[in-house]
Amino acid sequence: MDIKRVAIDAVTETIVMNVVHMDYKGQVAKRINEKMPLAQVKGFRKGAVPKDLVEKQYGKAIKIEEVKKVIDLALERYIQSERLNLLGTPLAKEEENRDWSAEELTFEFEIGLVPNFELDLEAKNDIVKYIVTADDKLIDGQVARIQKQFGKAIPQEVVAAGNDLTGIFSSEANGINNPTSISLDTFKDKATQDLFIGKKVGDVVTVNTKGLFEDDHQLMDYLKVGHDNVHDLAVDVDFTIEAINASEPAELNQELFDKLFGEGNVATLEELKAKIKEDAEAQFAQQADQKLLADVQNFLIDNTKFDLPAEFLKKWLQTVGEKKLTPEEAEVEYARSEKGLRFQLIEGKAMAQSNIQITFEDLKTFTTNAIKQQMAQFGQTNPTDEEVQGIVARVLSNQEEVKRLSEQVVAAKLLELFKEKANPTTKEVTYEEFIAASYGE
């Protein structure tokens, strides 16, 4: 068999395979001989059909099967021997009028290649690593929320200033139908709050979404409006009142502190505020790391130039999956996934350049820490090693979980690499400033 590659462009090639009689005739002959005792042709006893009639009846189908086996095996071995790094899988060029009676047959397979490119992780950039602090406004607000959450709700017949409402925001025309609870003072202006004063359970109050809250992003929480739609949204929505409550704030005492953080861990208001600040800033640090990783990804995608076998991949996308895609659907799918594919290749290059490897111990340590954090959130602050490792063993016995956790370990290692190599500018901000920077506002 003769096999060669013909370049279409830098990242797309055709593998041409010439299959000759010697490549398949032995196996075809063996299959014909195996068929002889079983062949049935009208006018002949079973097992007594002449060989030429068996070949005439079954020969073409057997040849097609055996040739396909030969080319599949040869193609796999050729890709391995040439160390071809492929995107997608080879696409056979269909030949509708192939002459299967010919002794020499030619097959062509189009392939997409992983591009060669240079990756500069230390390229000059304007990436910012945010240090997000919890300011007094945020901490005092959280103290007030804690007092309200653990305070006493007192049912009311009519709405008064400062009351809490339970109800449903709805707008059939805009696809909004969201049950929620909200404090009257959450609304941005007093005029909106006054619309509710004196209302009763069952009453409906109509408000406009424009300027409804101090921050438009609160529409995402209270109305479940998507982020892309919250800015300058100006539609009327109805709020149907289902319950009205006044709130008697909980007393800031040892009983409340113990309920929140465990017995004896917090004893004063100052210690409570310190704990809120610590917990909030730990959470903010995770969000800041996620933004840093996203910013580095976008920078590398925009500044690392290489060609992809786009036309090949669009054709390949039409052939994979349970539902075959039309050319138009494949075009849309490629556009949707191209950015992710580019970063996947960049990620692989970064790991190879920096010799980053994921070991089972890495995975086990990461899983152990994640489980301890989860247990702490549910009040189990001092689990035994036996308890934790039992859960770890169960989690790591699930292949889907192993895959998901492995991706998180890779992301964590890449984040540390990017922090070191990209050398981002450090900037300390409040949480409000961080949100504004995150959403470009």
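This is a predicted model: local features need pLDDT of at least 70, side-chain atom pairs count only at pLDDT 80 or more; totals for chains, interfaces and linings use all residues.
Local features required pLDDT of at least 70, side-chain atom pairs counted only at pLDDT 80 or more, and totals for chains, interfaces and linings used all residues. Residues are numbered from 1 along each chain as its sequence is written, and side-chain values use heavy atoms, with hydrogens and water left out.

The protein chain was assigned domain 1 (2-112), domain 2 (152-248) and domain 3 (267-439). These bounds come from an automatic or database domain assignment. The C-alpha centres of domain 2 and domain 3 are 35 Å apart. In UniProt, an unreviewed entry lists residues 1-145 as "domain: Trigger factor ribosome-binding bacterial". UniProt positions follow the numbering used here, feature names are shortened, and annotations may be inferred rather than shown by experiment. Residues 1-145 are 39% helix and 26% strand, and their end C-alpha atoms lie 76 Å apart. Helices (H or I, at least four residues) and strands (E, at least two) are DSSP runs, numbered from the N terminus.

Helix H1 (residues 21-35) packs on helix H2 (residues 51-81) at an angle of about 135°, with the axes 8 Å apart. Axes are lines fitted to C-alpha atoms, for helices over the stretch in contact, and angles run from 0 to 180 degrees between N-to-C directions. H1 is therefore oblique to H2. Angles under 35 degrees count as roughly parallel, over 145 as roughly antiparallel, 65 to 115 as roughly perpendicular and the rest as oblique. The crossing of H1 past H2 is right-handed; here the near helix is turned clockwise from the far one by less than a right angle, and anticlockwise if left-handed. The contact of H1 with H2 comprises 8 nonpolar, 3 polar and 9 charged residues. Ala, Val, Leu, Ile, Met, Phe, Trp, Tyr, Cys and Pro count as nonpolar, Asp, Glu, Lys and Arg as charged, and the others, Gly among them, as polar.

Helix H8 (residues 269-303) meets helix H7 (residues 254-261). Their axes come within 11 Å and cross at roughly 20°. H7 and H8 are therefore roughly parallel. H7 passes H8 in a left-handed crossing. Phe 257, Leu 260 and Phe 261 of H7 contact (heavy atoms within 4.5 Å) Leu 269, Leu 272, Lys 275 and Asp 279 of H8. This set holds 5 nonpolar, no polar and 2 charged residues.

Helix H3 (residues 136-149) also packs with H8, at about 110° and with axes 10 Å apart. H3 and H8 are therefore roughly perpendicular. Contact residues include Leu 138 and Ile 146 of H3 and Leu 269, Leu 272 and Phe 284 of H8. By class, the contact of H3 with H8 has 9 nonpolar, 1 polar and 3 charged residues.
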